[in-house]
Amino acid sequence: MSRTTLSPSELAAADRARIIHPYLPGDAQERVIMTEGSGCRLTDTDGRSYLDATGGLWLAQIGHGREEVARVAHEQMRKLEYFTSFWEFSNDRAIELATRLTDIGPEGLGHVYFTSGGSEGNEAAIKMARYYHHRRGESSRTWILARDKAYHGIGYGGGSATGFPVYHEGFAPMMPHVSHLTPPWPYRTELYSGQDPTDFLIRELEERIAEIGPSNIAAMIGEPIMGVGGMLVPPADYWPRVREVLDRHGILLIFDEVVTAYGRVGEWFAAQHFGVRPDIIVSAKGLTSGYIPLGALLVGDHVAEQLLREQGFPMGYTYNGHPVAAAVALANLDIIEREGLLARAVEIGACLHRELESQLGGLDVVGEIRSVGMMLAVELVADRATREPLPLDPTRMPHDVIRRESGVIVRDSAHSLVLSPPLIMTEAEAKETADAIRSVLERTLPTGRIRD
């Protein structure tokens with residue numbers, strides 16, 4: 001059957017009839033169908049331009065439409081499009097990328113395991129943690145510590161570690177031996193019974209370890225900064241103190257850096273920002289800036305030593321070490337380095353934060369504005385004194401109104417407007433983003449209703 005060109009209305013109709021979208025009810029009629037992208041801008045089938053202040057899903061580090069990346073993919077496909085990386089087989093691009101990642105990553109994480117994305121990566125990391133202890137003769141270590149408001153993908157293991165009921169309801173039973181802890185969310189002081197947040201969280205961690213039994217726990221998994229939870233930034237002493245507790249009990253630390261890696265926070269990895277060395281880092285998204293699916297785990301040498309014994313690590317994905325994806329990742333990392341995007345994330349992130357504070361700081365529905373690099377959130381409240389979350393009308397959400405009125409795309413996460421723009425965003429685009437958010441939030445009532 002030959003391919004035909006569909007009109008914008010025909011495309012929308014075909015989409016509604018054929019595609020199951022994540023999180024979209026079947027009776028929803030609206031579709032925004034993108035056809036082009038360049039820099040921080042996108043264009044839809046009607047020719048309307050949008051400013052992408054979300055980086056897609058936290059990942060368009062170098063922006064859209066980079067010709068040089070397309071050329072790299074084309075050239076690699078002509079040379080070698082794919083071959084398996086199982087057993088003794090490998091390819092030159094994957095080897096080069098693994099070397100590059102261990103060079104820019106934290107010291108001591110000298111091995112790489114490739115996946116096709118973050119959900120696969122968290123599945124692999126949980127299995128690695130359990131298998132590491134099994135190989136060391138401690139097969140009882142099966143428990144995984146996670147946190148409420150965490151997001152670790154939609155696989156069985158990662159989905160079980162995810163701390164939102166919506167990701168469990170209807171999919172149960174979930175993976176056993178997962179225990180969720182209170183998240184580090186300093187703005188929500190009510191979570192900590194008047195105590196210092198880190199003191200409370202470390203005490204809770206110690207008590208949970210004692211309750212389960214140290215010899216039964218394989219690992220703790222955590223996002224360094226909790227993205228889907230609302231861009232929750234922990235106190236500076238949180239991760240170093242967690243690391244110390246886990247070390248005392250022989251528990252591995254898995255950093256889920258699917259969102260935070262590759263310049264998002266102004267460092268290659270958020271582990272470097274917080275001064276902590278995890279045992280395993282899970283990464284994806286910004287590794288290729290979304291130009292092609294790819295994920296990579298950076299694995300501690302002590303963990304890899306156990307995984308590589310005997311028959312090796314008995315799990316793999318069809319696209320482990322895909323040569324085209326690896327080539328694209330290398331080109332992406334080159335651009336991030338050549339254009340100084342780590343420093344730019346800090347510079348433009350601070351500029352965007354200033355614009356948000358200046359334009360939104362006095363609004364009744366804005367409780368807190370927080371940021372690290374190019375990860376920002378505006379927490380919405382009904383009452384600034386009590387910090388009661390803003391009620392939201394699902395038919396008229398602030399982020400939807402912002403996009404419809406101004407063309408600026410932001411994201412709603414846990415009663416916060418979350419921003420994760422491409423690292424190439426300009427100061428003018430930062431101001432445009434803040435202007436668009438203000439134009440809606442200044443009309444938003446404590447009831448959640450948005451005035452026309």
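Visitor: Where is Val 258 found?

Guide: Val 258 is in the loop between E8 and helix H9 (270-274). Those labels are DSSP runs numbered from the N terminus: helices are H or I with at least four residues, strands are E with at least two. Before we go on, bear in mind that this is a predicted model, so local features need pLDDT of at least 70 and side-chain atom pairs count only at pLDDT 80 or more, while totals for chains, interfaces and linings use all residues. Residues are numbered from 1 along each chain as its sequence is written, and side-chain values use heavy atoms, with hydrogens and water left out.

Visitor: Does Val 258 count as buried or exposed?

Guide: Start with the cut-offs: buried means under 20% relative accessible area, exposed means over 50%, and partly exposed is in between (1.4 Å probe, protein chains only). Val 258 has 9% relative accessibility, so it counts as buried.

Visitor: And what is Val 258 in contact with?

Guide: Contact means heavy atoms within 4.5 Å. If you leave aside neighbours within four places in sequence, Val 258 is in contact with Gly 118, Val 282, Ser 283, Ala 284 and Lys 285.

Visitor: Let's do the sheets. In what order do the seven strands of the open sheet come?

Guide: Pairing takes at least two bridges found by DSSP between two strands. Here the order is E4-E10-E9-E8-E7-E5-E6, and the pairing is mixed. At the edges you have strand E4 (111-115) and strand E6 (178-181), each pairing on one side only. Neighbouring strands are turned by 20° against each other on average, direction ignored. For such angles, axes are lines fitted to C-alpha atoms (for helices, over the stretch in contact), and values run from 0 to 180 degrees between N-to-C directions.

Visitor: How many bridges join strand E7 to E8?

Guide: Four, with E7 (residues 217-222) and E8 running parallel. Helix H7 (residues 197-212) lies across strand E5 (143-147), E6 and E7, and runs at about 160° to E6.

Visitor: What about the open sheet of four strands?

Guide: That one goes E1-E2-E3-E14, again with mixed pairing. Its edge strands are E1 (34-38) and E14 (408-409), each pairing on one side only. E1 pairs with strand E2 (residues 41-44) in the antiparallel sense over four bridges, and Met 34 stands opposite Asp 44 in E2.

Visitor: How many aromatic pairs does the structure hold?

Guide: A pair of aromatic rings is described by the distance of the centres and the angle of the planes. Rings of Phe, Tyr and Trp (its six-membered ring) pair if their centres lie within 6.5 Å; planes under 30 degrees apart are stacked, over 60 edge-to-face, and the rest tilted. The structure holds 13 such pairs. Take Tyr 238 and Trp 239: the centres are 4.9 Å apart and the planes at 70°, so this pair is edge-to-face. Tyr 238 is buried at 3% relative accessible area, and Trp 239 is buried at 0%. Trp 239 also pairs with Phe 255, with centres 4.7 Å apart and planes at 70°, so that is edge-to-face as well. This second pair links distant parts of the chain: Trp 239 in helix H8 (residues 238-248) and Phe 255 in strand E8 (residues 252-256), 16 residues apart. Elsewhere, ring pairs link Tyr 23, Tyr 151, Phe 164 and Tyr 167 into a cluster.

Visitor: Why is the sulfur of Cys 40 too far for a bond?

Guide: A disulfide is a covalent bond between the sulfur atoms of two cysteines. The cut-off is a pair of cysteine sulfur atoms within 2.5 Å, and the count comes to zero disulfides. For Cys 40, the closest cysteine sulfur is in Cys 351, 12 Å away, so a bond is out of reach. Cys 40 is buried at 3% relative accessible area, and Cys 351 is buried at 8%.
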